[in-house]
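Subject: Structure handover and findings

Dear colleague,

Please find below the structure that I am handing over to you.

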Amino acid sequence: VRSVRSVRSVRARRAAGGSAGAAAGRAATQASAPARHRAGVALIALGMLVDVLLIDWVGFVLAGGTLFAVTAYAFGERRVIRSAAGGVAFAAAVYLVFRVALDVPLPIGRLWGGRG
């Protein structure tokens with residue numbers, strides 16, 4: 001009789017959303033979610049600051065690639081090299097569109113012989 005009651009109580013807890021330990025784990029996860037979001041926003045803001053500081057020295061393409069990689073990391077991507085390569089490729093495509101199609105100059109960077 002006792003085992004039937006314990007099986008029923010386990011089933012009832014599962015139907016109600018899990019055990020007390022699982023509920024406590026969900027509450028802890030939900031409580032830490034705002035802290036994770038604040039850290040992500042702070043990381044993106046830091047990436048934007050780095051972008052502004054780097055753009056005159058390394059140019060639009062590398063600074064944009066850096067910002068892309070930092071933003072991807074803030075959103076949970078942990079393959080930083082892959083993100084940076086994708087960011088540089090995307091920034092290079094944007095650079096070409098602005099420079100060739102729209103005739104709008106973007107910073108090349110002093111590192112590459114530009115005026116900044």
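Read from one end of the sequence to the other, the protein follows the pattern α-α-α. Please note that this is a predicted model. The secondary structure comes to 3 helices and 0 strands.

Overall figures

Of the 116 residues in the protein, 15% are buried. The accessible surface comes to about 8400 Å², and carbon and sulfur atoms account for 68% of that area. Among contacts between residues at least 6 apart in sequence, 51% join residues at least 24 apart.

Helix α2

Helix α2 covers residues 20-74 and includes leucine 49. Leu49 belongs to a nonpolar patch on the surface together with Leu46, Val50 and Leu53, and these residues have about 350 Å² of accessible area together. Leucine 49 itself is partly exposed, at a relative accessible area of 47%.

Alanine 72 also lies in helix α2. In contrast to the partly exposed Leu49, Ala72 counts as buried because its relative accessible area of 16% is under the 20% cut-off. Not counting residues up to four places away in sequence, alanine 72 touches Glu77 and Ser83.

Helix α3

Helix α3 runs over residues 80-101 and has 22 residues. From its first C-alpha to its last, α3 reaches 31 Å, close to the 32 Å expected at 1.5 Å a residue. Which residues of α3 are buried? They include Ser83, Gly87, Ala91 and Tyr95. These residues cover an arc of only 105 degrees around the axis, so they lie on the same side of α3.

Serine 83, found in helix α3, deserves a separate entry. Its relative accessible area is 8%, and serine 83 is therefore buried. Leaving aside neighbours within four places in sequence, serine 83 is in contact with Phe68, Ala69, Ala72 and Glu77.

The salt bridge

How many salt bridges does the structure hold? The count is 1. This salt bridge joins the side chains of arginine 79 and glutamate 77, at 2.7 Å from N to O. Both residues are partly exposed: arginine 79 has a relative accessible area of 46%, and glutamate 77 has one of 25%.

After helix α3

Just after α3, aspartate 103 takes a positive phi of about 55 degrees. Glycine 113 lies in the segment after α3. With a relative accessibility of 65%, glycine 113 counts as exposed. Glycine 113 and tryptophan 57 are 56 residues apart in sequence, and their C-alpha atoms are 9.6 Å apart in space.

With kind regards

Terms used. Residues are numbered from 1 along each chain as its sequence is written. This is a predicted model: local features need pLDDT of at least 70, side-chain atom pairs count only at pLDDT 80 or more; totals for chains, interfaces and linings use all residues. Side-chain values use heavy atoms; hydrogens and water are left out. Patches are made of residues with over 30% relative accessible area and no salt bridge: like charges are joined within 9 Å, nonpolar side chains (Val, Leu, Ile, Met, Phe, Trp, Tyr) within 5 Å. Accessible areas come from the Shrake-Rupley method with a 1.4 Å probe; for residues, only the protein chains shown count as cover. A salt bridge is a side-chain nitrogen of Lys or Arg within 4 Å of a carboxyl oxygen of Asp or Glu. Helices (H or I, at least four residues) and strands (E, at least two) are DSSP runs, numbered from the N terminus. Buried means under 20% relative accessible area, exposed over 50%, partly exposed in between (1.4 Å probe, protein chains only). The expected span of a helix is 1.5 Å times one less than its number of residues. The arc is that of the directions from the helix axis to the C-beta atoms. Contact means heavy atoms within 4.5 Å.
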